[in-house]
Amino acid sequence: MNHLIGGWQWNGIFTAQDGFPQTPLVGSNTSGTGDASNSDVPNWNPNFKGPVITGKPEQWFDPHAFLIPAQGTFGNVSRGSFRGPGLVNVDTSFFKKFRISERLLLQFRAEAFNIFNHSNFSYPTEIVFNGADISPSAGVITQTNGTSRQLQFALKLLF
């Protein structure tokens, strides 16, 4: 009985990370500096009420919290003013060695990656405006970060 239920080894890795800083962008060069990267930031909307970060993949932040700055001026939203989605992941594995002979061992391995199948989202689209209008893709998350649950089994012969 000990050959079947004894001698198992369990391993686990728990990962939790906060999201990286995010900066909403106007999507054009309103400051007039000639910067081709379109890295100008918008202004905060003083009339906006409610949370800026909704935390939903279909709209991580509410683009109505921002206004386009006047031509030739810089926006007042600071760089890295909010955080993108974090990451939570649990990987685990079970191992068992079976002695076949004095010199041979057979190892059975069962491994699970993202065991709870937790969805980890990538970063939202930072461009808030499309011309003078709010972009329909502002704050939208279109990708996941990492993989879905994966299981694998293996036999390993040790000699």
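Strands β1 and β8 (residues 87-99) pair in the antiparallel sense, over nine bridges. Two strands count as paired if DSSP finds at least two bridges between them. The strands themselves are DSSP runs (E, at least two residues), numbered from the N terminus. Within this pairing, W10 has F94 in β8 as its bridge partner.

The model is predicted, so that local features need pLDDT of at least 70 and side-chain atom pairs count only at pLDDT 80 or more, while totals for chains, interfaces and linings use all residues. Residues are numbered from 1 along each chain as its sequence is written, and side-chain values use heavy atoms, with hydrogens and water left out.

Strand β8 is also joined to β9 by eight bridges, and these two strands run antiparallel. Here the bridge partner of F95 is R109 in β9. Five residues lie between β8 and β9, and the two strands form a hairpin.

Strand β9 (residues 105-113) is in turn joined to β12 by nine bridges, again with an antiparallel course. In this pair, A112 stands opposite L151 of β12.

Taken together, the four strands make an open sheet in the order β1-β8-β9-β12, with antiparallel pairing. Its edge strands are β1 (9-17) and β12 (150-158), each of which pairs on one side only. On average, neighbouring strands of the sheet are turned by 15° against each other, direction ignored. For such angles, axes are lines fitted to C-alpha atoms (for helices over the stretch in contact), and the values run from 0 to 180 degrees between N-to-C directions.
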